[in-house]
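Thanks for coming. I will go through a few local features of one model, starting with a charged pair.

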Amino acid sequence: MKLVWTILLFCFLARQIVCGQTLPGGGGDTNYNNAPLQTWSFANPVNWTNDAGYPPISFANLSHSYLGNGQSMVLDTNVPAWLNYNVIETNGTKNLTVNTGSIAFWFAPDWSSTNLGGFGPQEWGRLFEAGAYTTNSNYGWWSLYVDSGGNNLYFSAQTNDDSGNYTTYLSAPISWKTNYFHFIALTYSSTNTSLYIDGGLVTNGAAMTVWPGTNVLANGFYLGSDNSGTFQGHGMFNDLATYNYTLNGDTVGTIYNNDWIDYVLNPLNAPYMSPIQSAPSEPSYTNDTFDAISGHGNLIFSGYASSCYDGTNSYNVWLTNVTTSVEGNGTINATFTIEGGAPGIPFDVFANSALSFGTNGVPWAWMGQGYQCQTYMLTNLPANANCFLILGTPQDTSGFGLTDAYELLVAKMNPDGPQTDSYGVPYAWYAQNGLSMQSATQDPDQDGLLNYQEYEYGSKPTVSEGFGIWVSDPGGTTSIP
């Protein structure tokens, strides 16, 4: 029986630790007991009524998903799609106020931000909007939206008095990945605007001074697109709530802490909601073989153990002296000692927010390599999830550069199975370069060479070599087609 890792796990449910803390706020009323104006759980994907039973004005080309908390509304097509509700119902019930109030909802994009190597929504994607943007403000507009690369979130508005009055109240950088839910809360009033993401304040903005008039608001508001259904946010929406007062930071934090477990720990969401990312690697080469994943990664050396035991062999290794602490910013620091094993052998440390195994389980993150009888610290672990640690042994059945533990936990591969793809590219090469192991025909650096071609010609798949890569010598000949 193979011993590819040894387990000693620590777990903290940080939600229980940090809920008693006061989250930073951006001002706002303290109407803790006031109910929202309206809520939308999207439990009715046929008629799309809100939770009070009010139907939309119109909708087109919507879908639904069981990701999120129950069913999510999905607006993500290459044809016009929209979901349009009344601002005020015919009986006088208000669904939205645009001069003073708050909106809060969960959103998961079907895209990743370009700053994470994705493509973004590839248009100015609307998340929440009333009215319509015009170059001369002759109509009126009120919108929370992302840029085409998915790297920034904006809140802007226009009047409808032909004055050209246009205001971007606030903006904030984002780095979002596909199908990962985020909690977004926007507050606005005559004193300031504030944006919260995942329970924390990210920015404050200017006071509300312009917004659409009543004739524009009579046409309702749109969720996930503009009024033509073309500028789409491209993603899933869930648990939307509107308020006629400004939520403060404590209230936003309370809502997030009450709801996050339905998203983070929902088994359907788990593959997308693991907040722990792999550390940078420092691959080492020896003759014709290499370690595809190696180096200290995120591990911070903290000293040597005062007493330490050798293992019965290099594979008999464990974690001990595990301690955790909550830092001022709400993140977690963890300290531990590697014991057992044998001297001079690097052992991989893996982390995950879910105790998950199997090819369809949540991938683990590689944290770095440590050595016997040494103490290490991991900082800035997420405060909104569990954390489990596992030690991996150096066993590499295939000899292709990935340990069995890495293949099973991170790559979700069979160590006894194929080690190259259909193009002959070793999976270890993809891991070494931080690429998906299914990305042979992608060109992330946009230099004209696909990943499998970069491997064949020995070039860097994440660094654009430009035109020079096509010319191999001063004479102008080339070996690259």
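Arginine 126 and glutamate 129 are both buried, where buried means under 20% relative accessible area, exposed over 50%, and partly exposed in between, with a 1.4 Å probe and protein chains only. Before going on: this is a predicted model, in which local features need pLDDT of at least 70, side-chain atom pairs count only at pLDDT 80 or more, and totals for chains, interfaces and linings use all residues. Residues are numbered from 1 along each chain as its sequence is written, and side-chain values use heavy atoms, with hydrogens and water left out.

Back to the pair. The side chains of arginine 126 and glutamate 129 form a salt bridge, 2.7 Å from N to O; the term means a side-chain nitrogen of Lys or Arg within 4 Å of a carboxyl oxygen of Asp or Glu. The structure has one salt bridge.

Next, the cysteines. How many disulfides are there? The count is one, taking a disulfide as a pair of cysteine sulfur atoms within 2.5 Å. Cysteine 308 and cysteine 373 make that link, with their sulfur atoms 2.0 Å apart. The two cysteines are 65 residues apart and join distant parts of the chain. The link is left-handed, at -80 degrees about the S-S bond. Cysteine 308 counts as partly exposed because its relative accessibility is 27%; cysteine 373, at 16%, counts as buried.

Last, helix H5, residues 404-411. Helices here are DSSP runs (H or I, at least four residues), numbered from the N terminus, and strands are E runs of at least two. Seven of the eight residues in H5 are buried, among them Tyr406 and Leu409. Lysine 412 follows H5 and has a positive phi, near 60 degrees.
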